[in-house]
Amino acid sequence: MPVPKKRRPHARTRKAHAANFRAAAKNFGICKNCGAAILPHTICSVCGFYKGRKVKTTKLEKQNVRKARKAEENNK
Ligand SMILES: [Zn+2]
């Protein structure tokens with residue numbers, strides 16, 4: 001069985017793999033609502049928009065609703 005003659009440095013391995021990462025990054029699209037980088041055919045995770053309409057409530061929005069509810073309860 002062939003065995004590598006010398007140890008391959010971590011940097012050299014990562015440099016070789018970087019070419020593959022660059023090719024993969026080309027497939028990113030841009031959200032038409034907020035401009036964030038998104039994968040094609042997926043809901044934007046930042047604003048929850050898909051094809052120009054709202055389809056999902058984001059984590060941040062849910063947090064804001066919870067905070068508002070708590071603030072209301074404290075005021076009572
Ligand atoms: Zn978006």
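None of the 17 residues of helix α2 is buried, so the helix lies largely in the open; a residue is termed buried if 20 or more other C-beta atoms lie within 10 Å of its own, exposed if 12 or fewer, and partly exposed in between, with C-beta atoms placed from the backbone. Residues are numbered from 1 along each chain as its sequence is written.

**Overall architecture**

- The chain contains two helices and four strands, where helices (H or I, at least four residues) and strands (E, at least two) are DSSP runs numbered from the N terminus.
- Along the sequence, these elements follow the pattern α-β-β-β-β-α.
- The radius of gyration of the chain is 22 Å, whereas a compact globule of 76 residues would have a value near 11 Å; this radius is taken over C-alpha atoms, and the globule rule is 2.2 Å times the number of residues to the power 0.38.
- Taken along the principal axes, the C-alpha atoms fill a box of roughly 75 × 30 × 20 Å.
- Of the 76 residues in the chain, 3% are buried.
- Among the contacts with a separation of 6 or more, 0% join residues 24 or more positions apart; two residues are in contact if their C-beta atoms, placed from the backbone, lie within 7 Å.

**Helix α2 and residue R66**

- Helix α2 spans residues 59-75, and R66 is found in it.
- From its first C-alpha to its last, α2 reaches 25 Å, close to the expected 24 Å; the expected span of a helix is 1.5 Å times one less than its number of residues.
- R66 and G29 are 37 residues apart along the chain, and their C-alpha atoms are separated by 31 Å.

- T57 is placed in the loop between β4 and α2.
- T57 counts as exposed because it has 10 C-beta neighbours inside 10 Å.
- When neighbours within four places in sequence are left aside, T57 is in contact with G48 and K62.

**Loop residues with positive phi**

- H41 lies in the loop between β2 (37-38) and β3 (49-50), and its phi is near 65°, a positive value in a residue other than glycine.
- With 8 C-beta neighbours inside 10 Å, H41 counts as exposed.
- K51 is found in the loop between β3 and β4 (53-54), and its phi, near 50°, is likewise positive in a residue other than glycine.
- K51 counts as exposed because it has 8 C-beta neighbours inside 10 Å.

**Confidence of the prediction**

- The chain averages a pLDDT of 89, and 93% of the residues score at least 70; pLDDT is the predictor's confidence in each residue, from 0 to 100.
- Confidence is lowest in helix α1 (residues 10-25), at a mean of 82, and highest in β3, at 93.
- Where pLDDT is low, the predicted coordinates should not be read in detail.

How values were computed. Predicted model: local features only at pLDDT ≥ 70, side-chain atom pairs only at ≥ 80, totals over all residues.
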